[in-house]
Every structure is written in C-alpha cells, then in structure tokens.
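Okay, thanks for making time, everyone.

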Amino acid sequence: MEKVLGIAQVTIIESFRRKDPYVVLILAALIVFGAGLFSRFGTEGLGKFVKDVGFTVTGLLAVLICVVTAARQLPNEIQNRTLYPLLAKPVSRLQVFLGKYLGVGVMASAVVLLFSAELYLLFRILDIPVSGVFFQSVYLRMLSMWIIAGMTLSLSVYLTQGGNVTVSMLLALAMQTFANTLITVRTDLEGWGVWVVDTLYWLLPHLELFDLTKREVHNFPAAPLWVLAALTVYAAVYSLLFMAVGMQRFRSLNL
Amino acid sequence: MTKTFTGTTLSLIAVAAMAGLVPHAVRDHVTVREATYQPSEIDAAKESIALSLLGQLQMSIADLMWLKSMEYLHRGNLQRMPTRGEEDLGFMRGDSQDTAVGLGHTEGLNMVLDEDRDWRGLLGNIQRHIACYSEGHIHDDPVELIPWYQLAVKLNPKLERLYTMGAFFLADFAQEPAEAREMLVAGIAANPNSFEVRAALGRLLFEYSDRLDALKDDHHDEEDDDHDEMEETPRGDEIETYLPTSKAEACEMAALLLREAVDRALETKLAYRSRHEKFDDFQEQIHYESYLFLSKSYVELGRYDEALAACDEGWEFAKHNLLRVQQRVVSRLIEGEVDESP
C-alpha cells in the first residue's frame, strides 16, 4: 500500500509541477470575473444563469483536467522510459497502475473541490442562494471523477494519447446526449435492434447520472440519500471494472 | 511543495473573490454614456472582419438566451416529440394549456422517461431523482423570464417579440408598469417599424391612463423627471418617450400610437400576403387588440365616430368577435343608451 501511495503522491506532485491545475484555476477565476460582470448589465434575477454558467464551465474544465492528466500517465512514462527504472524496483505493474489511478483521482477530486469553493464564493458575493443540492452535486461530481480517471487510464493502454483524450472526453461530456439518443431510438426498434441498444445502454458508464447541477439551478429538492448511496456503488463498480480491464492489459503489455 | 500549493490556491481564491467583488464595488461610481462615432469609424467598422465575427457571436448569445428562457420556462424539464413507436402506444403530443398567447407551443414527452414508459428499473428511478424531472408539462413563473428577455434584447435589440412579451410580464405579472414602459420605449427606438411594440406601448398607456403615477420610473433621477415635465405636447418622434400627465393626454397618445400600429400592421400583413405568408397567433392577437384599444381610446376621448370607424376597419382587416361587441357598445353610446364600454 505504501508503494501505491508513493506513486500516487508523485503523480499529484508531477501534475502540479506541470501547472495544469493552476492554469485551469486561473481560467475559472476569469470566468468568475465574467459572471460577476453580469451585475453590470443592471438586470436582476440572473442568478440562475450565473449558476448555470458556473456549473457548466467548472464541470467542463474539471473533466478536461482529469482526462488529460489520466491519459498521459502511462504513455508518457513509457515514452520517456521512466517506467523501466520504476519497474526495476520492487514495485509491481499492478501497484504502478493503482498508484497512478489514486493520484489522478485525488488530484481531480481536489480540483472539483477548489472549483466548488470558487463557485460557492461567487454565489455568496452575488447573493445567489445555494441549497443542499449544491453540496450533493459536489459529492457526485467528485465520484464521477473517479470513474473518468479509471476509464481514461484503462483506455490509455489501448489507444493512443490523442485518441484516448477524444474518446474519454466524448464519453464524459456527451453521455447525456448518447443516452437520450439510445432511449429515443429504442422506441422505434424491434427484435435484435432493441437488444443492441439495450446492450450499449447498459455497458456505457452513465456519467450524466452524476450531474445534479441542473436541480440546483432550477431549485429542485435534494436527491434522496438512497440515490446517493446507489450512485456511490455504481461509481465503485464501474471504477473497478475499468481498473480490472486496464490492469489486465497493462500486465500483459510487452514493454 | 504543499506550502506553495496552499499559498497559490489561497491566492487564486482571493483573486477570484476580488474579481467577483469589483463590479459591485464600482457600480455606483461608473457613469454609462452613449458612445459616439465618426462616420469614418462607422465605415471602418462595417468592413472589419473581427467586428463582424463579434457581431455573429453577439447574435448567437442572444439566441442562446432565448433558448435558455424556454428551458427556464419549463424549469429545466427537457421535452421531445413522441416517436412513431410511442404514438402507437398512445403517448401523444398536445397543445400547451396554461400559457399566454405568444408563448403557446406544442407539448411533447419528457426526455427523462416517465415511470410508465421506463424499461430501466432502478437506473430510471435514479435518473428521475437526479435530472430536472416532473410528471407532465410544467411552467415556471414567467416573471423569471424577464431578466432573460432584458439581457437578450441588450445583445440583439432586433428581437422585437421579446420587448412585447417582456413588457407584458413586467406589467401584468411583476406589477412593474414603469419598467414595462421603459422596455417598450427602448423597443420602439430599436425597431422603429415594428407594429407589435408600438401597439403594446399604446395599450399600456391606455390601461394605465387612470394610474399614470404607476408609469413613472422611481429610479429615474430628477433631471429626467424635469425633462418629462418640461415637454408640453408630444410631437412626431417624441410620442414614444413622452410621459403623459393627464388621462386625456394618455388616451390621446394611446390613440396616436395604436393608429400608427394598425397602419403598420396592415402594411406588414399585406407584405406577408405577397410572400404567401401569414401572421402568427401573437401578431393576429396584437392586430385585433390594437383596433379594439384604439376604439376604446377614442371612446374615452369622446370621439365616438372615430371609435366606430376603428371597429369597422378592425372587423374588415383583423376579424374578431370582440370588435363586433365594441362596435355595438359604441353604437349605443352614440345613441345615448349606455355609458360604459366592455
């Protein structure tokens, strides 16, 4: 476990050394400034819009940083040949993979927390009310980061870095659209068509289920606790599945 | 490393906080003035690719605002039209029931599957608790749309429908007739040929002719109030901006605005016909209501013959039963039988 934690720590330090989180946080600060400018329009009651924009932009940037960071872990280590001295030590490939996953997961969760703190501050400054759904949405967003990290890390042993980033970003950001399309198309299908759509639907990770932000924007009540518990299990299952598939491939990879 | 990280993070949060506070802090010290440009600057702007692209962006954002207002009207509930398979199962589209004319639309099915259509068991149940889902078709308070409309017309002042709808919500739902008037005046300035906005302002003046104080903007500074009082009679282009001081003056102005509105509406209708197009429901409503309120304004002014003529003209060009009713009322008034309009 110590070795896994050590690799995770190095992954986090490396990520901050590359200054990715800083760049993203500065971008978010600029967006905060932009949202603050809405008060200059002199139109009251745009709180919903500020919330909407804030959640959308920080969500997008959090996914971006998680995917980019996870996608480059193993390919970069292999390309720079830094993986070989690491594996020469008494560290297994399994521990390397787990350490990388843990590092990316913690870093992405920290970014989500920082973004959320920024948003919360902005809402307080602009007197935009925040309900308990906000905190639920932060929790679910952090959970989704662990699925995305696992998915991207696994795909990084199958795809090129560019391909991985594209596929992972699409799955993470457009899952709502994919899911709605599958559900709609299914209504007009019969026989094997339904079977294909059902298989696709159940196989794909439904990251849209981890987005509670619209409920916060439109003042819906908080989600029941059993839903949060079920989604925690869902995230754990998918993360484990992705990790298992990725580790299996990484173990058999001819380095 | 940890210290650097914590320090940088705290600095960033501080910068973000300051960035958010700046607009609030400077708001009272900023004076907004109309920009003036030389003809050469305007010519240069017309040929600028960068400005053209920025203009496109501005229009796109205005359109996004309009779409967002629809999302917000439905409280985030996404809908779609039923597929053929769903129609076969009896899930049909329908007309919206509780919307004002102009906001009327066809209601579809919830994008998030309702329980009776769902095949996903627990996952479907979870989604209904995570997404903005409500059974049936819901509408939020239209007052919430006002800031959207105000912002959208700032980005694209040519969206004339938003001025009339925004003013309608401001006056009737938010009880802010002064702001409604201000919005319509801005709408006419931006769309001088629009009959819709002109008619809406005429109607607002008529409806508030007994309560003109309500049309006075409390937020206006004294300079503006003095300016309003200094104006003696509205002339030409000043009609829209002039704030009447008596009921008779308000009715007179309403009649002037509505007369102009029906004339422009007729011109527009004929132009539409030549292109084999028709007025939509909202335009039709504005058209016949303009005749109706024109007639009522004349009645208030004691000009019964003109009131009757407005009804006749309205019946000819914008057939509606209320015009017939008004016609009978005016006829009786002429005969001295009744003293109230419908």
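Let's start in chain B, where helix α9 (residues 195-207) and helix α11 (residues 247-274) bring their axes within 8 Å and cross at roughly 155°. That makes α9(B) roughly antiparallel to α11(B). For the labels: angles under 35 degrees count as roughly parallel, over 145 as roughly antiparallel, 65 to 115 as roughly perpendicular, and the rest as oblique. The axes are lines fitted to C-alpha atoms, for helices over the stretch in contact, and the angles run from 0 to 180 degrees between N-to-C directions. Helices here are DSSP runs of H or I with at least four residues, strands are runs of E with at least two, and both are numbered from the N terminus.

Before I go on, a word on the model. It is a predicted one, where local features need pLDDT of at least 70 and side-chain atom pairs count only at pLDDT 80 or more, while totals for chains, interfaces and linings use all residues. Residues are numbered from 1 along each chain as its sequence is written, and chains are lettered from A and ligands numbered from 1 in the order in which they are written.

Back to that pair. α9(B) passes α11(B) in a left-handed crossing; left-handed means the near helix is turned anticlockwise from the far one by less than a right angle, and right-handed means clockwise. On the α9(B) side, the residues that meet α11(B) include B:Phe195, B:Leu201, B:Gly202, B:Leu205 and B:Phe206. Across from them, α11(B) puts in residues including B:Ala250, B:Met253, B:Ala254, B:Leu257 and B:Arg264.

Now zoom in on B:Ala254. What does B:Ala254 touch, not counting residues up to four places away in sequence? B:Gly202, B:Leu205, B:Phe206, B:Ser209, B:Phe293 and B:Ser297. A contact here is two residues with C-beta atoms, placed from the backbone, within 7 Å.

B:Ala254 turns up again in the largest nonpolar core, which has 133 residues. It is one of the members that touch the most others, along with A:Ala62, A:Cys66, A:Ala108, A:Ala149, B:Ala167 and B:Leu184. The largest share of this core, 15 residues, comes from α5(A). By nonpolar core I mean a set of buried Ala, Val, Leu, Ile, Met, Phe, Trp, Tyr and Cys residues joined through C-beta atoms within 7 Å. And buried means 20 or more other C-beta atoms within 10 Å of the residue's own, exposed means 12 or fewer, partly exposed is in between, with C-beta atoms placed from the backbone.

So, over to α5(A). α5(A) and α6(A) pack at about 150°, axes 9 Å apart, and their crossing is right-handed. A:Ala108 in α5(A) and A:Ala149 in α6(A) are both among the residues where the two helices meet.

The loop between α5 (93-125) and α6 (132-155) holds A:Asp127. Its phi is near 60°, positive in a residue other than glycine. Most residues other than glycine have a negative phi.

B:Gln175 has a positive phi of about 55°, sits in the loop between α7 (160-173) and α8 (177-190), and is exposed, with 11 other C-beta atoms within 10 Å.

Stepping back to chain A as a whole: 11 helices and 0 strands. Its radius of gyration is 20 Å, close to the 18 Å that the globule rule gives for 255 residues, so chain A is as compact as a globular protein of that length. That radius is taken over C-alpha atoms, and the rule is 2.2 Å times the number of residues to the power 0.38. Buried residues make up 44% of the chain.

One more helix pair in chain B: α12 (residues 281-300) and α13 (residues 304-317) pack at about 170°, with axes 7 Å apart. They are therefore roughly antiparallel to each other.

Last stop, B:Arg93, in the loop between α4 (84-88) and β2 (94-95) of chain B. B:Arg93 is partly exposed, with 14 other C-beta atoms within 10 Å. B:Met81 is 12 residues away in sequence and 6.5 Å away in space, C-alpha to C-alpha.
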